[in-house]
Amino acid sequence: MSIVNMLEAKSSLSRLVQAVESGVEREIIIARNGKAAAKLVPINGSPVGKRIGVAKGKFRVPASIDQDNAEIAQLFKVER
């Protein structure tokens with residue numbers, strides 16, 4: 001969470017919105033006279049951060065997933 005004053009927010013709004021959109025900042029507090037006045041957050045409201053395990057339980061990997069590795073390597077001419 002970053003805190004920026006009103007003047008900085010006015011002069012760099014595009015950069016602040018991009019930081020929130022891209023997940024660089026989870027939220028940005030805009031202060032007026034040193035006191036929090038507003039919060040800039042992404043509109044989707046989903047938490048941004050590590051997404052490890054996001055697909056857990058969504059699909060099953062077959063036991064035979066590696067059975068064609070040699071053939072695929074040959075197709076790409078990968079030396080083993």
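How many helices and strands does the protein chain have? I counted 3 helices and 3 strands, taking helices (H or I, at least four residues) and strands (E, at least two) as DSSP runs numbered from the N terminus.

**Basis.** I worked from a predicted model, in which local features need pLDDT of at least 70, side-chain atom pairs count only at pLDDT 80 or more, and totals for chains, interfaces and linings use all residues. Residues are numbered from 1 along each chain as its sequence is written, and side-chain values use heavy atoms, with hydrogens and water left out.

**Chain.** I read the order of elements from the N terminus as β-α-α-β-β-α. I then looked up burial (buried is under 20% relative accessible area, exposed over 50%, partly exposed in between; 1.4 Å probe, protein chains only). Of the 80 residues of the protein chain, 18% count as buried. The protein chain exposes about 7,200 Å², of which carbon and sulfur atoms supply 55%; accessible areas come from the Shrake-Rupley method with a 1.4 Å probe, and for residues only the protein chains shown count as cover.

**Strands.** I next examined pairing, which requires that DSSP finds at least two bridges between two strands. Strand S1 (residues 2-5) pairs with S2 in the parallel sense over 4 bridges, and Ile3 has Ile29 of S2 as its bridge partner. On S2 and strand S3 (residues 35-40), I found an antiparallel arrangement joined by 5 bridges; here Ile30 is partnered by Ala38 in S3. S2 and S3 form a hairpin with 2 residues between them, and Asn33 in the turn has a positive phi of about 55°. I noted that S2 is largely enclosed by the rest of the structure, because 4 of its 5 residues are buried.

Contact here means heavy atoms within 4.5 Å. Not counting residues up to four places away in sequence, Ala9 touches Val4, Leu16 and Ile30.

**Glu27.** Is Glu27 buried or exposed? I recorded Glu27 as buried, because its relative accessibility is 11%. Glu27 lies in the loop between H2 and S2. Leaving aside neighbours within four places in sequence, Glu27 is in contact with Met1, Ser2, Lys39, Leu40 and Val41.
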